[in-house]
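Reader: I'm new to this structure. Could you walk me through a single part of it, close up?

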Amino acid sequence: MARKLSFLDKSFWITESQANPKHVACLQLLSIPEGQDPKTYVTALHKEMQGFARACPPFNCRVKAIGIWPLGLQPVKHMQMDYHVQCHQIENIDDREALDRFIARMHETRLDPQKPLWQYHFLYDPTHHTFAIYARVHHLYGDGATLVRWFQAGYLDEPQSTGFTPVWAIKRLRHTPVKQYKRIKRIWLGVWEFLMTTKDVLVILLGLLLRLLRINRHYMPVPFSGTRTVLTGQVQAGRAVATFDLDFGRIRSLARRTRASANEVLLAAFDIGVHRLLQDHGHIFKQALYTNMPINLRKPGEKTGGNKIAIVPVQLAHAEHDPYLRLRQIIYHHRVVKHAAQRARPAAFSAYTIGIQAIALVFEWLRISNWVRPIANILISNVPGPTHAKYFKDSELLGCYPISTMTPGGGVNITLMTYNGTANIGMVCCNKTIKSLQPLAQYCQEAFDMLEASIDDPSLNIDDIGEHVDEVPLSIVSDT
């Protein structure tokens, strides 16, 4: 019998197209054990991994569907491991820009819908003692929190040359045990939860209406308030990918000094970086950009699979060239949204997410995304990963860079995973206009350095990043 999918899980299948595949991925860099020949080691590892053909749910399941409507996940009788586990020799594994371009070409193709929805690609060159794994999994299998939990279970704390089992062959619990109630009580609790969720949804909509009417400006942004840029619009085939690192210890230290969260510090740096990239393409900004912020709706300790997230827009910074003042703006806007999220049931925010994403998908299906404002300009998510070194068999994992999918309406998707004291960052966008994201990676690194330095040096200011504001009369309390 097919395993059930939630409506949010199903949405990733229903909305998938050749131009906008709905898988998420990661680029993993690993070191080859000392004394091993790179080609011999990686090809032998590839063959060994192909031998694990008895996959466990959901990695042994394909989607059972009627037309485009998915009914659930159904186990397959035979795994085609030549498809799921592949090996590629490339020219230079240490050329990160070339490696990112190679990954972008693989990331733009759709997983075979007739097979279990995952792949592992081993990448190596014969002269370097580093190799890579590009792993991709369909988003309907789970959100970032689910996939990272599986990832950590599939890697070792110490190198191990024998007895290693890859992530797709590890047995795991499908659901967190829940307390069972009598049938009448279950029905009553379900009705009560529906009524309270409906009430919270109405409160969210009322708050957005008051924000739209400018009666209450201290609420979440109204959806589809983003600025149209070269990064937004109708998602087309083709991807640009860039990966880079930041020292997470520096991020946490800066967050403590500024009374901010690590997320808020990163939002400030990425906002400046994206402004610089867009200014290179002639953009002038009269209002702030917006980011989509994923919110994990699980309770502490909850280990359910699938997708249990909400995605809501957050206003970024505008009209300040002092990096620290831009950070303070973002802290305020970020906490307005967090406060709203804490006052509503998780199911209400999930319903709100489905509603606004469904509207964006209708625009995408009608191919009118170029004519309407996007929900937001950027999607930025932060996924906590392992705090110490991990091993794939006897190969040490050097870094793991998440690469996400594209949201309807486009933009750039920036995902960060912390690993062993480092923030591994992966960025992806549609390459219809932006042919490379390497400049954005550099701009974000420079923006973080300047934000960090500006705390002790208030004279530091960002160069013009294309922001214009309407002139206002000089106030009697303004500095002269």
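Author: Let's look at one strand and its neighbours. This is a predicted model, where local features need pLDDT of at least 70, side-chain atom pairs count only at pLDDT 80 or more, and totals for chains, interfaces and linings use all residues. Residues are numbered from 1 along each chain as its sequence is written, and side-chain values use heavy atoms, with hydrogens and water left out.

Our strand is S13, residues 412-419; strands here are DSSP runs (E) of at least two residues, numbered from the N terminus. Eight of its eight residues are buried, meaning under 20% relative accessible area with a 1.4 Å probe, protein chains only. Both faces are covered: Val412, Ile414, Leu416 and Thr418 sit on one side, and Asn413, Thr415, Met417 and Tyr419 on the other.

Now for the neighbours. Two strands count as paired if DSSP finds at least two bridges between them. S13 runs parallel with S10 (residues 378-384) over seven bridges, and there leucine 379 has asparagine 413 of S13 as its bridge partner. With S14 (residues 422-430), S13 pairs in the antiparallel sense over eight bridges; leucine 416 stands opposite isoleucine 425 of S14. S13 and S14 make a hairpin with two residues between them, and asparagine 420 in that turn has a positive phi of about 55°.

What about cysteine 429? Cysteine 429 is buried too, with a relative accessible area of 0%. Cysteine 429 is in no disulfide, the nearest cysteine sulfur being that of cysteine 430, 7.0 Å away; a disulfide is a pair of cysteine sulfur atoms within 2.5 Å.

Note on methods:
Buried means under 20% relative accessible area, exposed over 50%, partly exposed in between (1.4 Å probe, protein chains only). Helices (H or I, at least four residues) and strands (E, at least two) are DSSP runs, numbered from the N terminus.
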